[in-house]
Amino acid sequence: MADHLWDDVSCFFDPDLFGAGLAGGSRLDEFCGFLREIGRCLGKPVLMDSEGDYGHPMLGFDVEVDRVALMAEPLVM
């Protein structure tokens, strides 16, 4: 089991974004739709943290604007 904090108001899942081919395009749109539907059903934000950087969401569903948005600064190389 991973060493993550659990509480009564959180749900944790660990998708393999690279293995699922979500680097862009329609598969990424489907994943964002999945986050959106969870958020709409629960009426709560759905946040996605980068592995190993918990507590700093990079992508998430915002209930107030009813959309999934980038929450972290894009990496500039």
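Trainee: Is cysteine 32 buried or exposed?
Mentor: This is a predicted model, and side-chain values are computed from it. Buried means under 20% relative accessible area. Cysteine 32 has a relative accessibility of 15%, so cysteine 32 counts as buried.

Trainee: And cysteine 41, buried or exposed?
Mentor: The cut-off for exposed is over 50% relative accessible area. Cysteine 41 comes out at 67%, and therefore cysteine 41 counts as exposed.

Trainee: How many disulfides does a search of the whole structure find?
Mentor: A disulfide is a covalent bond between the sulfur atoms of two cysteines. To be counted here, a pair of cysteine sulfur atoms must lie within 2.5 Å. The number found in the whole structure is 0.

Trainee: Which element gives the largest share of the largest nonpolar core?
Mentor: That core has 8 residues: Phe31, Cys32, Leu35, Val46, Met48, Leu59, Phe61 and Val68. Two or more residues each come from helix H1 (26-42), strand S1 (46-49) and strand S2 (57-62). The largest share is 3 residues, and the element giving it is H1.

Trainee: Which residues does leucine 59 contact, leaving aside its neighbours within four places in sequence?
Mentor: Leucine 59 is itself one of the core residues. Its contacts include the core members Phe31, Cys32, Leu35, Val46, Met48 and Val68.

Trainee: What do the buried residues of H1 pack against?
Mentor: The buried residues of H1 are Phe31, Cys32, Gly33, Leu35 and Gly39. Their packing partners are S1, S2 and strand S3 (67-70).

Trainee: Where is phenylalanine 34, and is it buried or partly exposed?
Mentor: Phenylalanine 34 is placed in helix H1. Its relative accessible area is 42%, so phenylalanine 34 is partly exposed.

Trainee: How far apart in space are phenylalanine 34 and valine 46, C-alpha to C-alpha?
Mentor: In sequence, phenylalanine 34 and valine 46 are 12 residues apart. Valine 46 belongs to the largest nonpolar core. The C-alpha to C-alpha separation of phenylalanine 34 and valine 46 is 9.9 Å.

Trainee: What span does H1 reach from its first C-alpha to its last?
Mentor: H1 has 17 residues, and 24 Å is expected at 1.5 Å a residue. Just after H1, glycine 43 takes a positive phi of about 70°. The span reached by H1 is close to the expected one, at 24 Å.

Trainee: Which are the edge strands of the sheet?
Mentor: The sheet is open, with 3 strands in the order S1-S2-S3 and antiparallel pairing. An edge strand here pairs on one side only, and that holds for S1 and S3.

Trainee: What angle does the direction of H1 make with that of S2?
Mentor: Within the sheet, the twist averages 15° from one strand to the next. H1 packs on this sheet and touches S1, S2 and S3. The angle between the directions of H1 and S2 is about 55°.

Trainee: Which residue in the turn between S2 and S3 has a positive phi?
Mentor: S2 and S3 run antiparallel and are joined by 4 bridges, with aspartate 62 opposite arginine 67 in S3. The two strands form a hairpin with 4 residues between them. The name is aspartate 66.

Trainee: Is aspartate 66 buried or partly exposed?
Mentor: Aspartate 66 lies in the loop between S2 and S3. Its relative accessibility is 36%, so aspartate 66 counts as partly exposed.

Key
Residues numbered from 1 in each chain as written. Predicted model: local features only at pLDDT ≥ 70, side-chain atom pairs only at ≥ 80, totals over all residues. Heavy atoms only, no water. Core = buried A, V, L, I, M, F, W, Y, C linked by side-chain atoms within 4.5 Å. Buried < 20%, exposed > 50% of the residue type's maximum accessible area, 1.4 Å probe, protein only. Contact = heavy atoms within 4.5 Å. Expected span 1.5 Å × (residues − 1). Pairing = 2+ DSSP bridges. Axes fitted to C-alpha atoms, helices over the stretch in contact; angles between N-to-C directions.
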